[in-house]
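Thanks for asking me to look through this one with you. My notes are below, as numbered points you can check against the coordinates.

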Amino acid sequence: MAQLDNLEAVEKRLWSSADNLRANSVYASNEYFLPVMGLLFLRHAYNRFLTAKAEIEKTLPSRGGKTRDLTPGDFSGRGALYLQPHARFDYLVGLPDDADRSKAVIEAMESIEKDYKSLEGQLPKVEYQKLDNDVLAQLLRTFNDPALQDAGGDVFGRIYEYFLTKFAGLKAHDDGEFFTPPSIVQMIVNVIEPDHGKVLDPACGSGGMFVQTAHFIEAEHEDPTKRATFYGLEKNETTIRLGKMNLAVHGLEGNIQQAISYYEDHTSNLVGRADFVMANPPFNVDEVDADKVKNDPRLPFGLPGINKKGKVSNANYVWISYFYSYLAEAGRAGFVMSSQASSAGRDEARVRAKLVETGAVDVMMAIRGGFFYTRTVPCELWFLDKGKPADRRDQVLMIDARNVHRKLTRTVYDFTPEQLANLTSLVWLYRGERARFVALVADHLGRSMEAARNCFADHSDRAAFAGALPVLLAAAESLHEQLALFLDTLPNEHEHAETFATYATMRRTLADDIAAFRQETGDAAEALAATDRADLDALWGFLEDEALPFGDGARALLKEIDGFVRLAARVVDACKQDLDAGSHDAFNTTKVNAARKDLDAVRQEAAEQVRRVRYFARQARWLHERFPDGELRDVPGLVKLVDRAEIAANDGSLTPGRYVGVAPPEVDEDFDFEEAMRDLHIELRDLNAEAATLAATISKNFEALGVEV
């Protein structure tokens with residue numbers, strides 16, 4: 001959560017800086033949109049360029065001690081663009097004050113378009129001509145933020161989408177329909193596994209489905225440019241430019257055509273030929289002209305109903321029919337759909353019944369509201385598979401994932417990577433892929449032990465938060481050394497003597513308990529090393545005997561750390577406020593305050609790392625409690641495998657909640673008070689921010705009316 005909180009702060013800081021500059025330009029928000037996104041594109045492209053460059057240079061041939069120059073061809077298949085020297089972000093940021101920056105940025109964009117024909121005419125260029133030179137300089141500096149200089153693709157993806165979202169909020173672009181949250185896309189990718197062939201998105205927006213598909217292929221150590229071909233349809237010209245930029249910055253190309261997908265299909269006649277279809281279409285559209293689509297070959301189940309105006313009553317089933325029709329004989333589809341579609345009645349129910357009869361409906365998954373920045377309503381993910389084996393043709397896997405989520409802000413949710421993996425494992429079990437389930441359990445347990453070892457790793461060369469416990473003890477000792485100079489001057493009896501004695505005891509106990517935790521870490525790691533990672537029963541045994549008790553110990557240690565740091569703060573306050581320590585030569589207020597601040601900062605790092613020890617063990621426990629035999633079974637409130645007869649008996653509904661029921665109430669033994677308080681803090685912070693914005697708007701409106709406030 002700390003990393004996410006930090007990223008959220010970076011997003012807000014960057015947006016605030018960029019948006020404030022809009023006041024100093026002649027652009028409205030919808031015009032300012034492309035220049036800003038273009039600079040983000042250059043910044044992201046430069047980061048990926050540097051990463052690929054470092055790897056390429058290791059393999060470049062040399063003659064006479066001179067290594068040949070880099071070429072665009074060197075970057076092929078490495079998920080990055082080659083950038084000419086004058087197109088690199090450091091060059092643009094470093095231009096002298098009197099330089100014509102708009103000209104320099106335009107030349108940078110032109111050089112990229114020259115090297116990559118798929119981007120020709122797509123990058124923003126003339127849009128920079130109306131930006132004041134100083135404003136453009138400040139924008140470049142904004143996106144040269146230290147937090148972005150080493151940022152990876154996932155971080156940039158979040159920031160890129162955050163900016164898209166904020167511009168959507170300003171009505172700068174298409175109401176947020178141009179991108180899909182990464183959690184949703186990743187869930188779709190996990191289920192349909194698009195690892196080859198023709199990949200189609202008939203409502204492709206900014207290309208997020210294609211990028212996540214490429215990541216999936218890369219994770220299999222394959223080159224996505226050789227394994228898959230991307231096809232997209234998109235109605236908005238500006239969104240197409242965004243999509244091509246998004247693909248290009250990841251070293252990808254796609255055949256994205258401008259079209260209103262209801263009426264046009266410019267994808268090289270992919271009907272019946274797509275290996276994978278992925279989409280997040282606009283929901284509940286009621287303005288599709290029935291006469292224009294009634295004979296469309298992509299509607300094998302007929303129209304879902306026509307209203308009095310001659311329009312399709314609801315286009316949800318137009319989209320669903322299209323997705324089905326594009327699939328090849330063994331093709332798979334995964335798409336987002338309004339939650340009301342799965343139980344819609346009348347003509348929509350008729351179309352749905354015909355779809356179910358094909359046997360291609362594979363998995364239905366309900367998602368809680370709040371996953372989309374611009375839509376708060378819940379949705380469902382539909383998965384079709386024309387290549388389902390005969391023994392599953394009659395079955396549909398119903399998953400209700402509404403109780404699985406992580407809270408990012410007061411109104412926005414997503415899945416953690418582990419939650420995504422656990423939900424995906426239900427599909428593995430459904431498909432008979434038990435070995436993948438077992439491997440996931442082993443991975444959760446292994447990562448729990450890795451998190452424990454990282455608590456004591458070398459702090460000079462470590463992953464984030466690693467080595468935090470020794471550093472915590474060192475910080476506690478540094479604070480104590482400063483306090484002891486004053487505490488040793490105090491008489492044996494004073495008003496805080498008992499508190500100070502408790503502090504001294506807790507300091508010694510904490511050191512002993514951290515040492516014991518270190519020993520337990522080694523013992524648990526040895527026990528895992530001796531466990532057969534392919535034997536599910538052995539893994540469950542390790543979970544029960546080692547991982548869960550060890551995780552509980554980590555939680556107890558975390559509470560002890562928090563208690564000690566709070567007590568140390570009370571000791572400092574007592575010294576300063578009640579014992580007049582500031583007037584004594586033995587008490588250096590500056591050094592004490594600095595040591596106290598360091599201890600609290602390290603406490604946060606230690607808390608994050610220790611919490612991860614238990615977190616991964618709990619992910620394994622989540623699987624153990626629901627699927628102890630490593631076989632799919634019905635779990636109330638989560639999953640049920642149904643057949644077509646049961647679907648027919650339920651009015652043809654494909655709504656998961658109708659089948660899985662409600663989970664029995666549980667006593668939450670893992671209730672985390674601190675996490676609950678963090679959630680409340682997030683909610684309060686967001687409400688305060690909204691209140692401040694509303695107050696400013698009201699004040700501005702009053703001023704416009706000539707009313708003094």
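1. A word on terms to begin with: two residues are in contact when heavy atoms of theirs lie within 4.5 Å. Please also keep in mind that this is a predicted model.

2. Let me start with the overall picture. The protein has 709 residues, 51% of which count as buried, and its secondary structure comprises 23 helices and 13 strands. The accessible surface amounts to about 31,800 Å², with 48% of that belonging to carbon and sulfur atoms. Among contacts with a separation of 6 or more, 75% are between residues 24 or more positions apart.

3. The largest nonpolar core holds 114 residues, and I399 and L469 have the most contacts inside it. Helix α19 (residues 536–577) supplies the largest share of this core, namely 20 residues. There is also a second, separate core of 55 residues, with L92, V105, Y128 and F143 among them. As general background, nonpolar side chains in soluble globular proteins tend to be buried together.

4. Which residues is L469 in contact with, leaving aside its neighbours within four places in sequence? They are C455, F456, I514, F517, L557, I561, A606 and V610.

5. Now to the sheet, which is open and built from nine strands with mixed pairing. Their order is β5-β4-β3-β6-β7-β9-β8-β10-β13. Because β5 (254–258) and β13 (639–643) each have a single partner strand, they stand at the edges, and one side of each is left without a neighbour in the sheet. From one strand to the next, the twist averages 15°.

6. At the β13 end, the partner is strand β10 (residues 395–400), joined to β13 by five bridges, and the two run antiparallel. Within this pair, V396 stands opposite V642 in β13.

7. At the β5 end, look for helix α11 (residues 237–249), which lies across β4 (228–234) and β5. The helix runs at about 175° to β5.

8. Finally, the cysteines. How many disulfides does the model contain, taking sulfur atoms within 2.5 Å as the rule? The count comes to zero. C204 has 5% relative accessibility, so it counts as buried. C575 has a relative accessible area of 0% and is therefore buried too.

Definitions and conventions: Residues numbered from 1 in each chain as written. Predicted model: local features only at pLDDT ≥ 70, side-chain atom pairs only at ≥ 80, totals over all residues. Heavy atoms only, no water. Helix = DSSP H or I, 4+ residues; strand = E, 2+ residues; numbered from the N terminus. Buried < 20%, exposed > 50% of the residue type's maximum accessible area, 1.4 Å probe, protein only. Areas by Shrake-Rupley, 256 points an atom, 1.4 Å probe, with all protein chains shown as cover. Core = buried A, V, L, I, M, F, W, Y, C linked by side-chain atoms within 4.5 Å. Pairing = 2+ DSSP bridges. Axes fitted to C-alpha atoms, helices over the stretch in contact; angles between N-to-C directions. Disulfide = S-S within 2.5 Å.
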